[in-house]
Amino acid sequence: MTITERRVEPEVLDSLDPQDPRAVRSRRDLRRVHRAMRSLPILKRAIAGLALEAPPRRILELGAGDGSLMLRVARSFGSRWTNVELTLLDQADVVDAETREEYRRLGWSITFQCTDVFAWASEPRGIPYDLCIANLFLHHFSDVSLAHLLEAVANRTRAFVACEPRRDRFSRWSSRCVGLIGGNSVTREDAVKSVDAGFNGRELSDCWPAADGAWAVKEDRAFPFTHCFVAVHERASAS
Ligand SMILES: C[S@@+](CC[C@H](N)C(=O)[O-])C[C@H]1O[C@@H](n2cnc3c(N)ncnc32)[C@H](O)[C@@H]1O
């Protein structure tokens, strides 16, 4: 059962200095949250479902955080995806040396772009990315800001996958139990806010720019707590 209105409130993690011990701990908690949400298999299935004509060479992750989830994606596609140029974008530079080294070991080159995503959205367009990913990120923004952001995304990539909190009663109830997997006070508060700001129905499709009919878009629940949105441009799709 869904919760009617989205409610977007500033999250605690975004207001803390990245070096603040509570922020460091909360980012570590997120790795456990990914496991509880089944983020990796959901992302992998969504990416595979894009049926891309060719393996992506240029990939962008928006709101990448510590880059650890994308690293797990990289490990699972690594042997099939070679010479990947990955850009990790986040307002906080929290990708540690070990994670960067792991990417390099896989043969992926990484660039970290430490910027506000709306500054990125206002930059002139460059060569389009083959794939753009966002995980637990879009829900930070109001519908108006999202429409602006997604327009920039559609102009800069050929395929897009977003995995966000599903806004329903089950996720809301579960978000109140994040303490059971060791979440600190920041993670516990942000988990509840994230679900209230999450998505259901066709909310992300409605924010996606409709002008270009060359995009196929799909969104749905991904059990247990995720709302997954995918968009693929006809030029990128094999089907
Ligand atoms: C909930 S965390 C998710 C991080 C990562 N995607 C993951 O799943 O572990 C949200 C991330 O979005 C970043 N963020 C929030 N607002 C942002 C903005 N306006 N521009 C760039 N990054 C932003 C935060 O710094 C944080 O790393």
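## A loop residue with positive phi

Let's start with Leu-136, which sits in the loop between strand E4 (131–135) and helix H7 (143–156). Although Leu-136 is not a glycine, its phi is positive, at about 50 degrees. With a relative accessible area of 17%, Leu-136 is buried; that word means under 20% relative accessible area, while exposed means over 50% and partly exposed lies in between, all with a 1.4 Å probe and protein chains only.

A word on the basis of this report: the model is predicted, so local features need pLDDT of at least 70 and side-chain atom pairs count only at pLDDT 80 or more, whereas totals for chains, interfaces and linings use all residues. Residues are numbered from 1 along each chain as its sequence is written, and side-chain values use heavy atoms, with hydrogens and water left out.

## Other backbone features

Arg-38 also has a positive phi without being a glycine, in this case near 60 degrees. You will find Arg-38 in the loop between H2 and helix H3 (39–49), where its relative accessibility of 37% makes it partly exposed.

The peptide bond between Phe-223 and Pro-224 is cis, with omega at about 5 degrees. Pro-224 belongs to the loop between strand E6 (215–222) and strand E7 (226–233). For context, most residues other than glycine have a negative phi, and most peptide bonds are trans.

## Around the ligand

The ligand has 18 residues around it, and Arg-27, His-34, Gly-63, Asp-90 and Asn-135 come nearest. A residue counts as near when one of its heavy atoms lies within 4 Å of the molecule or strand in question. Sorted by class, this shell holds six nonpolar, seven polar and five charged residues. In that scheme Ala, Val, Leu, Ile, Met, Phe, Trp, Tyr, Cys and Pro are nonpolar, Asp, Glu, Lys and Arg are charged, and the others, Gly among them, are polar. Helix H2 (residues 21–37) makes the greatest contribution to the shell, with three residues.

On the nitrogen side, a ligand nitrogen is 3.1 Å from an N or O atom in the side chain of Asp-116, and a ligand nitrogen is 2.8 Å from a polar backbone atom of Asn-135. Of the 590 Å² of accessible area that the ligand has on its own, the protein covers 95%. Such areas come from the Shrake-Rupley method with a 1.4 Å probe, and for residues only the protein chains shown count as cover.

Is strand E2 (residues 85–90) largely enclosed or open? Five of its six residues are buried, so E2 is largely enclosed by the rest of the structure. On E2, Leu-89 faces Leu-62, and strand E1 (residues 58–62) pairs with E2 in the parallel sense over five bridges. Pairing requires that DSSP find at least two bridges between two strands. From E1 the chain crosses through helix H4 (residues 68–77) to E2 in a right-handed β-α-β crossover. Right-handed means that, with the strands pointing away from the viewer, the path from the first strand over the helix to the second runs clockwise.

E2 also runs parallel to strand E3 (residues 109–114), with six bridges joining them. Here Leu-88 stands opposite Phe-112 in E3. Together, E2, helix H5 (residues 97–105) and E3 form a right-handed β-α-β unit.

Arg-6 lies in the segment before helix H1 (12–15) and, at 16% relative accessibility, is buried. Its side chain makes a polar contact of 2.7 Å with the side chain of Asp-143. A polar contact is a pair of N or O atoms within 3.5 Å; within protein, one must be able to donate a hydrogen and the other to accept it, and residues adjacent in sequence count only if both atoms are side-chain atoms. A polar side-chain atom of Arg-6 also lies 3.4 Å from the backbone oxygen of Gly-198.

Asp-196 is part of helix H9 (residues 185–196). Its relative accessibility of 7% makes Asp-196 buried, and a polar contact of 3.1 Å joins its side chain to that of Arg-172.

Terms used: Helix = DSSP H or I, 4+ residues; strand = E, 2+ residues; numbered from the N terminus.
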